[in-house]
Amino acid sequence: MPLAASEASKQTSTPVAIEGPFGPVRLKWHKLRTHLSEAPFKLSNLALGWQLGASLEVDILATADNRFAVLHDPTLGPSTTGRGRVPLMPLASMRGHFHRGADGAPDLDAPVLSLAELMAPLRTLPRAPSANLQLDLKLLEGHTLPDSAIADAAAAVAGLEDAIVVGSHYLDDARRLVAAIPQARLGYDPMLAVSRQPALREPERLLRHIERRKTGVSLAYLRFDAIVAAENQGFPLVARLLDLGIETDAWTVNPGADIDDAILRTLLKAKVRQITTDAPSEIARRMRLC
């Protein structure tokens with residue numbers, strides 16, 4: 001179905017990429033947001049981005065019955081209208097709840113859904129060639145992904161596999177999920193490892209860490225400040241990853257005191273290929289002025 005009339009103004013005001021000095025830089029809509037104040041995982045933003053060709057992202061977390069829910073946190077509250085620990089709850093018990101916006105109000109356009117429910121409308125919508133959806137795999141510490149949850153995800157995205165990117169801190173489980181989704185791409189976020197192994201803050205050590213795990217990985221998700229630190233030290237981390245065939249996504253770049261024009265210029269010059277943001281219009285405007 002075509003874009004709703006209420007979304008018409010977003011067609012021209014919500015960018016999916018900007019032109020950088022080394023080619024296009026995709027702007028990934030973090031948690032499907034187009035504005036910082038929005039609730040996450042809005043269905044209208046999913047439909048809009050799918051048709052505009054955006055890079056989109058949702059978080060997925062396995063429930064007690066090994067189904068995937070589209071949720072970031074292991075507890076339903078306070079970010080949704082529900083309560084309880086997600087891994088201890090069956091999916092059906094989450095129905096009827098909604099994600100909240102920045103003002104705390106529930107958003108009826110952002111119901112708590114299973115991955116299958118989120119994906120279903122996309123099968124009838126026209127998809128722009130560049131549209132893709134990252135599934136950010138969340139796991140509880142010490143847990144592994146059950147085979148039945150992998151089967152649930154594979155069924156949820158059936159027919160749309162070539163649009164899927166699986167990204168995670170937990171590379172082994174992400175590999176298992178990608179293996180069940182033909183044509184899906186694999187991304188690795190090493191920043192949890194960096195938090196546990198301070199030596200990895202040294203850019204060359206981080207490069208070697210990723211290089212040892214590079215098989216099948218097409219994207220590296222790096223905190224923007226780790227990229228800036230490497231560049232300031234004279235080590236071209238992002239460029240070296242490109243030499244390995246791995247593009248870099250810089251996360252999470254939002255308007256605020258910790259993001260100035262110098263940082264944005266550094267990210268562009270570093271050759272990042274994607275920027276994760278909750279405010280694509282504002283970040284695009286600022287980057288065009290850099």
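This is a predicted model: local features need pLDDT of at least 70, side-chain atom pairs count only at pLDDT 80 or more; totals for chains, interfaces and linings use all residues.

Before anything else, a note on the labels: helices (H or I, at least four residues) and strands (E, at least two) are DSSP runs, numbered from the N terminus.

**Entry 1: helix H2**

I began with H2, which spans residues 43–52. How many of its residues are buried? I get 7 of 10, so I noted the helix as mostly covered, taking buried to mean under 20% relative accessible area. The buried ones are Ser44, Asn45, Leu46, Leu48, Gly49, Trp50 and Gln51.

**Entry 2: positive phi away from glycine**

Next I looked for non-glycine residues with a positive phi. Phe41 has one, at about 60 degrees. I found Phe41 in the loop between strand E2 (23–29) and H2. Is Phe41 buried or exposed? Its relative accessibility is 2%, so Phe41 counts as buried.

Asn66 is another non-glycine with a positive phi of about 60 degrees. Asn66 sits in the loop between strand E3 (55–62) and E4. I put Asn66 down as partly exposed because its relative accessible area is 26%.

**Entry 3: the loop between E4 and E5**

I moved on to the loop that runs between strand E4 (68–70) and strand E5 (98–100), where Pro78 is found. Which form does the peptide bond from Gly77 to Pro78 take? I read it as cis, with omega near 0 degrees.

Arg85 is in the loop between E4 and E5 too. Arg85 has a relative accessible area of 41%, so I wrote it down as partly exposed. Ignoring residues up to four places away in sequence, Arg85 touches Pro74, Thr75 and Leu140. I also checked Arg85 against Ser13: they are 72 residues apart along the chain, and 37 Å separates their C-alpha atoms.

**Entry 4: Ala154 in H4**

Ala154 belongs to helix H4 (residues 147–156). With a relative accessible area of 18%, Ala154 is buried, because the cut-off is under 20%. What does Ala154 touch beyond residues up to four places away in sequence? I found Ala180 and Ile181.

**Entry 5: H8 against H10**

Helix H8 (residues 224–232) packs with helix H10 (residues 261–269) at an angle of about 75 degrees, and their axes are 10 Å apart. I therefore logged H8 as roughly perpendicular to H10. On the H8 side the residues that meet H10 are Phe224, Ile227, Val228 and Glu231, and their partners in H10 are Ile263, Thr266 and Leu267. Sorted by class, the contact has 5 nonpolar, 1 polar and 1 charged residues.

Then I asked which residues of H8 are buried. My list reads Phe224, Ala226, Ile227, Val228 and Ala230. The cover over the buried residues of H8 includes helix H6 (191–196), helix H7 (203–211), strand E10 (217–223), H9, strand E11 (247–251) and H10. Just after H8, Gly234 takes a positive phi of about 80 degrees.

Asp258 lies in the loop between E11 and H10. Leaving aside neighbours within four places in sequence, Asp258 is in contact with Phe224 and Ile263. Asp258 and Asp225 are 33 residues apart in sequence, and C-alpha to C-alpha I get 9.5 Å.

Val238 lies in helix H9 (residues 237–243). At 1% relative accessibility, Val238 goes down as buried. Setting aside neighbours within four places in sequence, Val238 is in contact with Ile227, Thr248, Ala270, Lys271 and Val272. Val238 and Ala250 are 12 residues apart in sequence and 9.8 Å apart in space, C-alpha to C-alpha.

**Entry 6: rings**

Last stop, the aromatic side chains. How many aromatic pairs turn up with ring centres within 6.5 Å? The count is 0. I did find a charge over a ring: Lys271 lies over the face of Phe22, at 4.9 Å from the ring centre.

Technical notes
Residues are numbered from 1 along each chain as its sequence is written. Side-chain values use heavy atoms; hydrogens and water are left out. Axes are lines fitted to C-alpha atoms, for helices over the stretch in contact, and angles run from 0 to 180 degrees between N-to-C directions. Angles under 35 degrees count as roughly parallel, over 145 as roughly antiparallel, 65 to 115 as roughly perpendicular and the rest as oblique. Contact means heavy atoms within 4.5 Å. Ala, Val, Leu, Ile, Met, Phe, Trp, Tyr, Cys and Pro count as nonpolar, Asp, Glu, Lys and Arg as charged, and the others, Gly among them, as polar. Buried means under 20% relative accessible area, exposed over 50%, partly exposed in between (1.4 Å probe, protein chains only). Rings of Phe, Tyr and Trp (its six-membered ring) pair if their centres lie within 6.5 Å; planes under 30 degrees apart count as stacked, over 60 as edge-to-face and the rest as tilted. A charge sits over a ring if NZ of Lys or CZ of Arg is within 6 Å of the ring centre and within 35 degrees of the ring normal.
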